[in-house]
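Hi,

Here is the structure I promised to pass on. Have a look at it first, and then read my notes below.

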Amino acid sequence: MSLALDRLRLLLPDGVDAVLVANPVNVGWLTGFTGSSGVVIATAKEAVFVTDSRYTLQAAEEVGNMPTESFASPVELADYLAEVLARLGVTRLGFDASSTTHAQWEKWQAKWPAVTLVPASSLFDGLRMIKFPDELAGLREACALADAAFDHVRRLIQVGVSEFDINLELEFFIRRNGAEIAFEPIVVSGERSARPHGRASEKKLEVGDFLTMDFGAKWRGMNSDLTRTVVVGDATARHRELYDTVLSAQIEAVESVRPGVRARDLDARVRERFAEKGWDVFFGHSLGHGLGRVVHDSGRLAATSDDVLEPGQVWTIEPGIYIPGFGGVRIEDDVVVTADGVEVLTHAPKELLVLP
Ligand code: ZN
Ligand code: ZN
C-alpha cells in the first residue's frame, strides 16, 4: 500500500505542497480503507488519514501506511482539516476538481483562507491505471468468479426462463460466493439484445433469441466485467455470421494488445472489420475501458482516446454489433497489458453456445 503513496508523491504537480485526496476510491487505493468517509492529506514527506469517529476503529485496523486521526461532532471535517493543514505548513493544496463539488470548494475556500486551492485533476485521472501486484491478484479472483457465474447460469438457460430469473441467479451466485456485484447485470434477449445497456425484464427466452449477459464481481475492491452472448434453442446462418464477425474481431483485438499500441488504433481496427460487412454503423460504443476499483475506470479504447497501452494497465475488450429488430452480440473480456503482450483474465468459453 505504501507503493501507492510513493506513486502519488512521484506525480505531485509542481507548485503544490500537498494534495488532498477525498474521492473514496482514491482513498481506498492509497490506504486500504474501505469506509465511505475519510480523506488523506499528503505532502512530499508526510501523510495523514483523517476520518470521523464512526470510523476510528476501522481506520486503525485498515490503514497501515500512515497515521490516522479522527474527529467527533460538533467538529466538522473542514474545521479539523484546517488544523492539519496549518500543522503541516500547507499553503498550496492540490485537489481533485472532477470529484469535488462546487459547494465543497466554496466551503474549503471559506474555512482555509491561508491556503490556495489548486485543481490537480490530471494527477488523479491516470493515478490508478497501472495496477499493483495485489490489485492484479484481486482482479484475477474477481474475473474467476465472473467465469464461474457464467458457468453456473448457462445451465439454467432454456426456453421459458425470464431475463429476470437469469439476472437474479447471476447476482445470487456472485453474492453467495462472498463478493459484491460490480454493477447491476445486463440481461437482454431477442430483439432486446440490440440494446447494449438494456436492463433485464420479464421477457421469457424463446427459440432463436440471442441472449446477452453482461455482469461482474467486485472482490477486495477490484471489479470484473464480462459479457457473453449465447443463442437459445436454434442458431440460424444469420446468428452465426453476426456472432463470428464479433468474435473474430474481438479475438484479433485481444491478441493485438501489447505495450505501445495506441488505444484508438485498436478501436479503429475493429471498426474496419465490421465495415467490411457494412455493420460498423451498428457498433455505437467504444471498444473498451479501463477497469479496476471502478468498473468504468480511467482510460478508453475509443476513436478519440489519446491513451497508449502500458504494462500493468487493465482493459475490457468488448466489441458489439446491435441490429434493431433482430438482436445484438457483444463479447467482452478483461485483459492486463504485460511487458511483452497480453494476459487474458476472463476465461468463459467464447465459441457460439446454442443452449440448451
Ligand atoms: Zn460489461
Ligand atoms: Zn465493460
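This is a predicted model: local features need pLDDT of at least 70, side-chain atom pairs count only at pLDDT 80 or more; totals for chains, interfaces and linings use all residues.

Residues are numbered from 1 along each chain as its sequence is written, chains are lettered from A and ligands numbered from 1 in the order in which they are written, and side-chain values use heavy atoms, with hydrogens and water left out.

Let's start with the open sheet: its six strands come in the order β4-β3-β2-β1-β5-β6, with mixed pairing. (Helices, H or I with at least four residues, and strands, E with at least two, are DSSP runs numbered from the N terminus; two strands pair if DSSP finds at least two bridges between them.) At the edges sit β4 (68–71) and β6 (116–119), each pairing on one side only. From one strand to the next, the twist averages 25 degrees (angles run from 0 to 180 degrees between N-to-C directions, and axes are lines fitted to C-alpha atoms, for helices over the stretch in contact). Inside the sheet, β2 (residues 39–43) and β3 (residues 47–52) run antiparallel and are joined by four bridges; Ile41 has Val48 of β3 as its bridge partner. Helix α2 (residues 24–31) packs on the sheet and touches β1 (18–21), β2 and β3, contact meaning heavy atoms within 4.5 Å.

Next, the helix pairs. Helices α7 (residues 133–154) and α8 (residues 163–176) pack at about 135 degrees, with axes 9 Å apart. That makes α7 oblique to α8 (under 35 degrees is roughly parallel, over 145 roughly antiparallel, 65 to 115 roughly perpendicular, and the rest oblique). Among the residues making this contact are Leu145 and Val153 of α7 and Ile166 and Phe173 of α8.

Helices α9 (residues 237–256) and α10 (residues 263–275) pack at about 155 degrees, with axes 10 Å apart, and are therefore roughly antiparallel. Their contact includes Thr245 and Ala249 of α9 and Arg269 and Phe274 of α10.

Finally, β15 (residues 314–317) is covered on both faces: Val314 and Thr316 on one side and Trp315 and Ile317 on the other are all buried (under 20% relative accessible area; exposed is over 50%, partly exposed in between, with a 1.4 Å probe and protein chains only). Four bridges join β15 to the antiparallel β18 (residues 333–337), where Val336 is the bridge partner of Val314.

Cheers
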